[in-house]
Amino acid sequence: MQAAPVRATAIPSFTTALRAVESLLMSSGQRTARRNAWTSVLEDRRRAKDRVEAQRVLDQSLSVSVRP
């Protein structure tokens, strides 16, 4: 029984394939703008999560300090 042949090159990841297609379809400036926009979305989500957590801590501290 023979072993399966070994690939000399790695199979590109899904992300790598998407970036290759993106580079064919968009100009450099559009790619940069889209990536910057996505980075902003992720940062906004992180800040929103932090606000929710801060509000939860404040609410908890107020309920503890109000108890007799």
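Helices here are DSSP runs of H or I with at least four residues, numbered from the N terminus, as are strands (E, at least two). We're looking at a predicted model, so local features need pLDDT of at least 70 and side-chain atom pairs count only at pLDDT 80 or more, while totals for chains, interfaces and linings use all residues. Residues are numbered from 1 along each chain as its sequence is written, and side-chain values use heavy atoms, with hydrogens and water left out.

**View 1. R46 and E43 pair up in helix 2.** Both sit in helix 2 (residues 28-66), three residues apart, or about one turn of the helix. They form a salt bridge (a side-chain nitrogen of Lys or Arg within 4 Å of a carboxyl oxygen of Asp or Glu), with the closest N and O atoms 2.4 Å apart. R46 has a relative accessible area of 40% and E43 comes in at 30%; that makes them partly exposed, a label that falls between buried (under 20%) and exposed (over 50%), using a 1.4 Å probe and protein chains only.

**View 2. R47 meets D44.** Here the closest N and O atoms of the salt bridge are 2.3 Å apart. Again it's helix 2, with R47 and D44 three residues apart. R47 is partly exposed at 38%, and D44 is partly exposed at 42%.

**View 3. E53 and R56 join side chains.** Their salt bridge spans 2.6 Å, N to O. Both belong to helix 2, about one turn apart. E53 is partly exposed at 38%, as is R56 at 39%.

**View 4. A salt-bridge network.** Shared partners link E43, D44, R46, R47 and D50 into one network. The salt-bridge count comes to five.
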